[in-house]
Amino acid sequence: TKDNLILAFETSCDETSVSVVKNGHEILSNVIATQIKSHRRFGGVVPEIASRHHIEVINQVMTEAMAEAQVDYDDLDAVAVTKGPGLVGALLVGVAAAKSVALVEQKPLIGVDHIAGHINAANLDNEVVYPALALVVSGGHTELVYLTDENSYEIIGDTRDDAAGEAYDKIGRVLGIKYPAGKTIDEMAHQGSDTFHFPRAMMEDDDYDFSFSGLKSAFINTVHHADQLGETLDQNDLAASFQASVIDVLVHKTLRAIAEYKPETFILAGGVAANQGLRERLATKISKLPQQPKVIIPPLRLCGDNAAMIGAAAYHQFKAQDFADLTLNADPSLEL
Ligand code: KG4
Ligand code: ZN
């Protein structure tokens with residue numbers, strides 16, 4: 001049978017990415033243009049700047065992705081795009097680009113949920129066996145998602161306030177670390193130890209929800225209090241203490257969900273899945289379980305926002321004939 005080729009677009013936040021994915025799991029190209037430097041001096045993503053950058057580079061990124069994949073537009077089976085959640089102006093650039101290609105080339109259009117994309121990074125160069133459980137941790141999301149099959153997503157736990165990555169970025173600002181702070185804090189944490197014992201919110205509650213704003217406040221109060229007293233605190237210990245608290249809660253709830261749902265595959269996904277401490281702790285803990293699910297932790301380059309993960313998710317929708325038409329619109333608060 002003929003290979004399936006999907007051209008995918010991802011512009012939900014501050015990465016402009018276009019990819020060609022073959023048969024839902026093979027990356028023929030995955031071009032990513034990041035705008036991080038443009039947002040850095042504002043300490044976070046500025047929506048208007050994000051939209052403008054996407055418009056400036058999207059044609060070039062698409063041209064590169066097609067050239068690298070060595071595929072003709074004629075050979076494409078479908079065009080996929082992240083329709084939400086994300087920044088509305090940013091999403092619209094990808095949606096307009098995807099619709100244009102779909103219209104001109106007369107190809108089916110597929111609207112993909114960004115979170116489904118992150119989860120499907122696990123299908124790239126790998127194979128998810130269902131049912132699967134995914135911990136999705138990013139700048140905008142902290143969710144435990146249960147998948148009975150490749151197209152059925154059930155959110156079993158969610159954050160009540162800040163997302164894990166958002167908490168990293170906010171405490172990073174307090175420490176004067178440039179945005180996004182997750183990677184630097186992760187590195188600092190490995191040089192320090194958990195001496196501050198910050199709270200572990202909702203850890204013993206019998207649901208799968210998370211809360212990180214209390215931890216963030218405890219952290220900020222500790223730093224401000226020391227400032228007022230003219231004391232200097234060990235930055236690495238602060239980072240290690242914060243990270244220990246985040247990882248404890250994430251790992252604890254994930255293990256409980258694995259015990260209850262007994263998935264065939266466990267997936268760690270999203271930008272915070274790049275966290276070395278989290279990757280190591282989860283892998284070690286799961287390897288000690290009596291019944292171990294297959295563990296898929298995508299490589300770092302597929303944890304952050306990229307279009308290949310959108311192409312992988314779109315492949316399942318293609319098989320289910322879940323197509324959009326040219327009225328497809330961006331939905332900034334789309335729910336899985
Ligand atoms: O998935 P992503 O690229 O974008 C969103 O959809 O949000 O995630 C970005 C987030 C940022 O908050 C960043 O600080 C965090 O991922 N991050 C990390 C690490 N690398 C990136 N957080 C903790 N440890 C890391 N190593
Ligand atoms: Zn993301």
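Asp125 is partly exposed, because 15 other C-beta atoms lie within 10 Å; on this scale a residue with 20 or more such atoms is buried, one with 12 or fewer is exposed, and anything in between is partly exposed, with C-beta atoms placed from the backbone. This is a predicted model, where local features need pLDDT of at least 70 and side-chain atom pairs count only at pLDDT 80 or more, while totals for chains, interfaces and linings use all residues. Residues are numbered from 1 along each chain as its sequence is written, and chains are lettered from A and ligands numbered from 1 in the order in which they are written. Helices (H or I, at least four residues) and strands (E, at least two) are DSSP runs, numbered from the N terminus.

**Loop residues**

- Asp125 sits in the loop between α4 (114-120) and β6 (132-137), and its phi is near 55 degrees, a positive value in a residue other than glycine.
- His197 isn't a glycine either, yet it has a positive phi of about 50 degrees.
- You'll find His197 in the loop between α6 and α7 (213-228), and it counts as exposed because it has 10 C-beta neighbours inside 10 Å.
- Gln106 belongs to the loop between α3 and β5 (109-113), and with 9 C-beta neighbours inside 10 Å it counts as exposed too.
- Gln106 and Leu328 are 222 residues apart in sequence, and their C-alpha atoms are 15 Å apart in space.

**Cis peptide bonds**

- Gly84 and Pro85 are joined by a cis peptide bond, with omega about -10 degrees; Pro85 is in the loop between β4 (78-84) and α3.
- Tyr179 to Pro180 is also a cis peptide bond, omega being near -10 degrees, and Pro180 is in the loop between α5 (164-174) and α6 (182-189).

**Helix α2**

- α2 (residues 47-69) has 23 residues and reaches 30 Å from first C-alpha to last, close to the 33 Å expected at 1.5 Å a residue; the expected span is 1.5 Å times one less than the number of residues.
- There's a kink of about 45 degrees in α2, centred on Val57; the bend at a residue is the angle between axes fitted to the seven residues ending there and the seven starting there.
- Buried residues of α2 include His53, His54, Ile58 and Met62.
- The buried residues of α2 pack against β2 (15-22), β3 (26-34), α1 (36-40) and α3 (88-105).
- Gln70 follows α2 and has a positive phi, near 55 degrees.

- α8 has 27 residues and reaches 39 Å between its first and last C-alpha, close to the 39 Å expected.
- Gln243, Ile247, Leu250, Val251, Thr254 and Leu255 in α8 meet Gly277, Leu278, Arg281, Leu282 and Lys285 in α9; residues are in contact if their C-beta atoms, placed from the backbone, lie within 7 Å.

**Helix α11**

- The twelve residues of α11 (residues 308-319) should span 16 Å at 1.5 Å a residue, and the end C-alpha atoms are 17 Å apart, which agrees.
- Nine of the twelve residues of α11 are buried, so this helix is largely enclosed by the rest of the structure.
- Among the buried residues of α11 are Met309, Ile310, Tyr315 and Gln317.

Note on methods
Two residues are in contact if their C-beta atoms, placed from the backbone, lie within 7 Å.
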